[in-house]
Amino acid sequence: MPDFDAHEHAELRLVGRRHELAQVDRLFEEARSSSATVLEITGESGVGKSKLLSYVLARARTRGYLTVMGRGAEFEADEPFGAFLTGLEPILLELPEQTLRDLGLEKSRELASLFPAPASRLGGREADRGADASDVGMDRYRLHRAFSALLEGLAANRRTLLAIDDLHWADPASVELLLHLLRRPPRSRLFVAVAFRAGQLETKATAAIQQLRRDLHGELIELMPLSAEEARAFLPADMPSAVGERIYSESGGNPFYLQELVRAARSGGGSPPRGQRGAGAERVPSTVTAVIAGELERLSPSARELIQAAAVVGDPFEPEIAGELIGMVEAQTLRAIDELVDRAFVQGAPVPGRFSFRHPIVRRAVYESAGVGWRRSAHARAA
């Protein structure tokens, strides 16, 4: 029975993470004496959370763990237990039928209400008598126990690694199940590794996971941007140093932005010559624009409008000036800037009262997200 890893062929290279890799390896050693272990991986979009999670899964497999990989999906947040379905379905399809039956009739029925694979394989009356999917919320505690028993059956005396990527997009039922498994881990011993964007996981879930990490055994890894030296691994050997320095400055050390800016530069769409730079001097690579546009969509309308105005004002910027540009009252401006800080779009600048974008390329992408007509009007008002 193969384990399932949706990120086995992740594209981004894992560069400059020696300290974090050592943390992971140390945690695996310490997990031998713990019934439940928690690893939190946080950081901004594109910083390498998924790649590090793939490393965790690979290390677990070499140590004989059963590995189960799931992920939250932005457009499937209404599907109960969606973060677990993708990871377990391939395993359940190849699971011996007797293993399912060994769970007992009641637990098999509970699982049949959630997973099409066991429902189709239990056959006949057993599948028909499973709880309706609409009743999952009513019977969630029985389902939690059935899921824990399933993990024990799958593990077959091995330790289990359960990894959830993009936890900030996971549906509430998946988060609740994850917390249940940590509070009442299966006898097979459980190692949970989760990756999520800082500031975007629901507050109660963040607090609960952090408390469990402290109460049980675990680590928090906050992935930071790469240093200039580490970023050299992404730059072609024949790239002029001046171009490489500008690309690093634009990317802020974010591995995904680095990779896409290098790709754009190699295809002729790289950083403009000195003296021609500005918020709209060149097009941001479409792959980067799409990611940042997705982040913008999750902002409130007022926060989105304020950050677009800030992109016109400059970097760093004063929120009050950006607010004046769009006729936003002070109280609304303060709420919007708080949201932008919480979502890691901006951060406090060295000069008191000013804020800066998390990376220059973020400002450029935000600038381009506004319509051409709106930008012309905003520049006129700014002047």
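Trainee: I would like to learn how to read a helix, so let me start with H1: which of its residues are buried?

Mentor: In this model, which is predicted, the buried residues of H1 are Glu20, Gln23, Val24, Leu27 and Phe28. When you look at such a list, keep in mind the general idea that an α-helix has 3.6 residues a turn, so residues three or four places apart point the same way. Here, if you look down the axis of H1, the buried residues fall within an arc of 135 degrees, so they line one face of the helix.

Trainee: Which residues of H1 are exposed on the other side?

Mentor: Arg18 and His19 are exposed there. As for the dimensions of this helix, H1 has 13 residues and spans 18 Å from its first C-alpha to its last, which is close to the 18 Å expected at 1.5 Å a residue.

Trainee: What covers the buried residues of H1?

Mentor: The cover includes helix H2 together with strands S1 (36-43), S3 (160-165), S4 (190-197) and S5 (218-222). If its neighbours within four places in sequence are left aside, glycine 218 is in contact with Leu27, Val38 and Arg213. Glycine 218 and leucine 27 are 191 residues apart in sequence, yet their C-alpha atoms are 7.1 Å apart in space.

Trainee: Let me turn to charged side chains. How many salt bridges are there?

Mentor: The general idea is that side chains of opposite charge can pair when their charged atoms come close. In this structure the count comes to 11 salt bridges. One of them joins the side chains of arginine 59 and aspartate 25, at 3.0 Å from N to O. Arginine 59 belongs to helix H2 (residues 49-62) and aspartate 25 to helix H1 (residues 18-30), so this pair ties together parts that are 34 residues apart in sequence.

Trainee: And are these two partners buried, exposed or partly exposed?

Mentor: Arginine 59 is partly exposed, with a relative accessible area of 26%, and aspartate 25 is partly exposed as well, with a value of 23%.

Trainee: Where do glutamate 250 and arginine 364 lie, and how many residues apart are they?

Mentor: Glutamate 250 and arginine 364 form a salt bridge whose closest N and O atoms are 2.8 Å apart. This pair links distant parts of the chain, since glutamate 250 is in helix H12 (residues 241-251) and arginine 364 is in helix H18 (residues 360-369), 114 residues apart. Glutamate 250 is buried, with a relative accessible area of 4%, and arginine 364 likewise counts as buried at 4%.

Trainee: Finally, how should I read a strand, and how many residues of S2 are buried?

Mentor: In general, the side chains of a regular strand alternate between the two faces of the sheet. In strand S2 (residues 66-71), however, 5 of the 6 residues are buried, so the strand is largely enclosed by the rest of the structure. S2 pairs with S3 in the parallel sense, over 6 bridges, and leucine 66 stands opposite threonine 160 in S3.

Key
Residues numbered from 1 in each chain as written. Predicted model: local features only at pLDDT ≥ 70, side-chain atom pairs only at ≥ 80, totals over all residues. Heavy atoms only, no water. Salt bridge = Lys/Arg side-chain N within 4 Å of Asp/Glu carboxyl O. Helix = DSSP H or I, 4+ residues; strand = E, 2+ residues; numbered from the N terminus. Buried < 20%, exposed > 50% of the residue type's maximum accessible area, 1.4 Å probe, protein only. Expected span 1.5 Å × (residues − 1). Arc of directions from axis to C-beta. Contact = heavy atoms within 4.5 Å. Pairing = 2+ DSSP bridges.
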